[in-house]
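Here are my notes on this one, jotted down as I went through it. Have the viewer open while you read.

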Amino acid sequence: METTMPLPLRNLIGGEWALPHDTSENRNPANPEDLIGLYARGGADEVASAVAAAKAAQPGWAAASPQLRADVLRRVGDILLARVDEMARLLSREEGKTLAEAKGEALRAAQIFHFYAGEPLRLPGEKHNSIREGVEIDVTREPLGVVGLITPWNFPIAIPAWKTAPALAAGNSVILKPADLTPGCAHLLAEILVAAGCPAGVFNLVMGRGSEIGAALVAHPDVAAISFTGSERVGRGIARGCAEGMKKVQLEMGGKNPMVVTARANLDLAVGACLNGAFFSTGQRCTASSRLIVEAAVHDAFVARLTAAMTALRLGDPLDPTTQIGPVVSESQLSGNLDYVRLATQEGCEVIGGQRPDRPGSFQNPALFVNATNDMRVAREEIFGPCAAVIRVADFDEALSVANDTDFGLSSGICTDSLAEATAFRRASRAGMVMVNLPTAGVDYHVPFGGRGASSLGGREQGRLAMDFYTTVKTAYTFAG
Ligand code: NAD
C-alpha cells in the first residue's frame with residue numbers, strides 16, 4: 001500500500017498555496033484502504049480570491065511577449081514528460097484506469113502543452129481593404145480575460161490540459177476546478193505550472209464541490225467564460241447560468257455513441273473495435289461505444305465472439321500491468337451502473353455479465369445487453385460504465401437510422417469492408433466525430449473534438465479550432481488619411 005500523505009494538498013490562488021478551511025479524502029477505487037491524500041475543499045471565498053488574483057494577473061500575461069507564453073507552455077510539456085510515470089501512477093490510483101491507459105493519458109497531456117506552445121506565435125489576424133477610401137481594417141484576436149475551467153473525473157489530466165493550454169496560449173488567466181473525485185492530477189498539474197514559471201495568478205486551482213465552486217465560478221461577474229466538460233444535467237444548468245451572466249460558454253457532455261457492424265465487416269476487426277470502444281477505461285469515456293448496432297446476418301456470430309473476448313478481459317488492480325479493466329470510479333457510480341443492469345433485464349434484454357465480483361473495491365464485470373431495442377432506456381441514456389446495448393437491425397439503412405436516432409451526437413463508428421457503406425455512413429452520421437473501422441473512442445489532439453445535440457455546445461475543443469473559444473475578435477477601422 002502507498003504511504004498516506006501527511007499534509008492536506010492546497011489550492012493555488014494568486015501564486016500561493018492557500019491553507020484550506022476544509023478537506024476531503026481522495027481514495028483509490030480499487031483499494032479503499034489506499035488513502036491517496038487529503039485535498040483542500042474550497043468554497044465561494046476561495047473562488048472570489050482566485051478570480052481577483054486572475055483578474056489582476058491577466059493583463060500582464062496578455063501583454064507579455066508571446067514568446068513568454070510559448071516558453072511556459074513548452075516547459076509544462078517538458079516537465080510533464082519528465083514526470084509521466086509519477087502522473088500515471090497517481091491517475092491510476094485516483095481514477096482507476098489501468099497503468100498503461102494512465103501513462104497514455106499523461107503523455108497526451110504533455111503533447112497537448114507542446115502543441116499549444118506554438119499557438120501564441122501563430123495567433124492569426126487579417127488585414128482588409130475598406131469600402132471607404134483611405135480606411136484600413138484590421139481583424140485581430142484578443143483574450144477573453146478570466147476563464148473558468150470545470151472538468152470531470154474520467155480524464156483527470158488530459159481534459160484539464162486541453163482546456164488550460166489553449167486558454168493560457170491566448171493570453172487568458174485561468175481558474176481550474178477539477179472533479180471532486182480526482183483532485184490529485186489537477187494538483188500535480190498546478191505544481192508543474194508553477195515549476196514551469198507560470199506567473200502568479202495566471203493559473204489558479206480551486207478544488208471542492210461542483211455545486212459550490214463550479215456554481216460560484218459561473219455566477220462570478222468577473223469570469224468572462226466557462227469551459228465545462230461533464231454530464232448533460234450539470235451542463236444544462238451551467239448554460240442557463242452563463243446565459244444569465246452573458247458569459248461565453250463551451251459544454252462537452254455525454255454520449256450514447258453508436259458502433260455499426262454491417263454484414264460486410266471484418267468480424268475480427270469489429271470485435272476488437274467494440275471490445276476497446278465499449279469496455280476499455282471501464283467504459284468511462286464520453287466517446288465509449290454504448291450502442292452496438294449489428295446487422296442480423298452477422299449478429300449471432302458477433303455476439304458469441306464479443307462475449308468470449310469480453311469475459312476473457314482481466315479485471316483487477318489497475319497498477320498490476322496484466323490488468324485490462326480497472327474499477328468503476330466510485331461506489332456511487334457503480335451503484336448507478338448496477339441499477340442499469342437490473343433495468344436492462346426488466347426492459348427485456350438478455351444480460352451477459354455486469355455483476356459486481358466478489359472482491360474489495362468498486363469493480364464491475366463488463367456487460368452486454370443483448371436483444372436491446374433503440375427505444376429502451378438502456379439504449380437512450382448514458383450509463384458511463386462498462387455496459388453496451390446490442391441492437392439487431394435488418395440492414396445498413398436501418399443501422400444508419402438507429403445510429404442517428406439519439407439525443408446525443410458525439411462520436412459514431414462503422415465496421416465494414418465496403419467503401420460505399422463507409423462513405424454513406426461518414427456522410428450521413430449526425431455526430432461530431434465519425435470512425436471507420438476504428439473504435440468510437442480514441443482521438444488525436446491536433447484536430448477538433450466535440451459533438452452535436454445534447455453532447456456539445458459552443459465551439460470545438462482541441463486542435464487549432466480550440467483557440468476560437470478562448471479568444472474574441474476585434475475589427476478595427478483606421479483612417480490613414
Ligand atoms: P459531472 O457533470 O457530475 O461533473 C463535472 C464537473 O462539474 C465536476 O468538476 C463537478 O464538480 C462540476 N459540477 C457539479 N455540479 C456543478 C454545478 N452545479 N455547477 C458547476 N459545476 C458543477 O460529470 P462527471 O461525473 O465528473 O463526468 C462524467 C460525465 O462527463 C459524463 O456524462 C461524460 O460523458 C462527460 N464527459 C464528456 C466529455 C466530452 O468531451 N464530451 C469528456 C469526458 C467526460
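1. In what order do the seven strands of the open sheet come? Keep in mind that this is a predicted model. The order reads E14-E15-E16-E13-E12-E17-E18, and the pairing is mixed. At the edges sit E14 (350-353) and E18 (433-436), each of which pairs on one side only. On average, neighbouring strands in this sheet are turned by 20° against each other, ignoring direction.

2. Strand E17, residues 411-415, pairs with E18 in the parallel sense, and four bridges link the two. If you want one to click on, Gly413 has Met435 in E18 as its bridge partner.

3. Now the helices on the sheet. H11 (residues 296-311) packs there and touches E12 (257-261), E13 (289-295), E14, E15 (367-372) and E16 (387-393). The direction of H11 makes about 140° with that of E13. H14, residues 396-404, lies across E12, E13, E16 and E17, and runs at about 165° to E13.

4. On to the ligand. There are 28 residues around it, and those that come nearest are Thr151, Asp180, Ser231, Met253 and Glu382. A polar backbone atom of Thr151 is 2.7 Å from a ligand oxygen. For Asp180, an N or O atom in the side chain is 2.7 Å from an oxygen atom of the ligand.

5. How much of the ligand does the protein cover? On its own the ligand has 850 Å² of accessible area, and the protein covers 87% of that.

Note on methods
Residues numbered from 1 in each chain as written. Predicted model: local features only at pLDDT ≥ 70, side-chain atom pairs only at ≥ 80, totals over all residues. Heavy atoms only, no water. Pairing = 2+ DSSP bridges. Axes fitted to C-alpha atoms, helices over the stretch in contact; angles between N-to-C directions. Contact = heavy atoms within 4.5 Å. Near = heavy atom within 4 Å. Polar contact = N/O pair within 3.5 Å; in protein donor to acceptor, adjacent residues only side chain to side chain. Areas by Shrake-Rupley, 256 points an atom, 1.4 Å probe, with all protein chains shown as cover.
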